[in-house]
Amino acid sequence: MTERKPPGVPFESWVDKQIRDAEARGDFDHLAGAGRPLPAGTDTSYEELWWVKRKMVREGLSVLPPTLALRKEAEDALLAAARAPSERIVRKIVEDINVKIRDVMFKPPPGPPLGLKPYDVEAVVRQWREGRATDG
């Protein structure tokens, strides 16, 4: 755009004229992506921080409240314990996650309630042994 909006002309009318003039000159004829649908996730009409969400998706980031993140970490810990190569490692995984669970249990949560209690190490080890026996 090389010209300024003249005084007294409604902004919308002036913008519409600029677009019509650009179309008449063919400025929109050879744009990249012409004739193709917009990429998924380009609807930004209702989200104020759409660009932050898109960047987080692009970079593989997520932000969960601490208690939800710990729930996920606890689930992952049980899966890791089930796949562990030795009983010593199973105990280490479960004891480490139990420390984190206890820490959150005794503090007021910053987000939704945790809803977890420490795992019974012996029960997890017993399940691990049973899983190893059936995989045999």
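Where is Leu-49 found?

**View 1. Leu-49 and the loop that holds it.** Leu-49 is found in the loop between α1 (11–25) and α2, where helices are DSSP runs of H or I with at least four residues, strands are DSSP runs of E with at least two, and both are numbered from the N terminus. The model is predicted, so that local features need pLDDT of at least 70 and side-chain atom pairs count only at pLDDT 80 or more, while totals for chains, interfaces and linings use all residues. Residues are numbered from 1 along each chain as its sequence is written, and side-chain values use heavy atoms, with hydrogens and water left out. With a relative accessible area of 48%, Leu-49 is partly exposed, a class that lies between buried (under 20% relative accessible area) and exposed (over 50%), as computed with a 1.4 Å probe and protein chains only. Leu-49 and Met-105 are 56 residues apart along the chain, and their C-alpha atoms are separated by 33 Å.

**View 2. The chain as a whole.** The chain has five helices and zero strands, and from the N terminus on its elements run α-α-α-α-α. Its radius of gyration, taken over C-alpha atoms, is 29 Å, well over the 14 Å that the globule rule gives for 136 residues, so the chain is more spread out than a compact globule; the rule itself is 2.2 Å times the number of residues to the power 0.38. The C-alpha trace spans about 80 × 40 × 20 Å along its principal axes, and 16% of the 136 residues count as buried.

**View 3. The largest nonpolar core.** A nonpolar core is a set of buried Ala, Val, Leu, Ile, Met, Phe, Trp, Tyr and Cys residues joined through side-chain atoms within 4.5 Å. The largest one here has 15 residues, of which Val-90, Val-94, Ile-97, Ile-101, Tyr-119 and Val-124 touch the most other members. The elements that give two or more residues to this core are α3 (66–83), α4 (87–105) and α5 (121–135). Not counting residues up to four places away in sequence, Val-124 touches Leu-78, Ala-81, Val-90, Val-94 and Tyr-119, where contact means heavy atoms within 4.5 Å.

View 4. Leaving aside neighbours within four places in sequence, Pro-65 is in contact with Gly-111 and Pro-112. Pro-65 and Pro-10, which are 55 residues apart in sequence, lie 47 Å apart in space, C-alpha to C-alpha.

**View 5. Arg-132 in helix α5.** Arg-132 is found in helix α5 and is partly exposed, with a relative accessible area of 41%. Once its neighbours within four places in sequence are left aside, Arg-132 is in contact with Ala-84 and Pro-85. The C-alpha atoms of Arg-132 and Gly-26 are separated by 70 Å, and these two residues are 106 residues apart along the chain.
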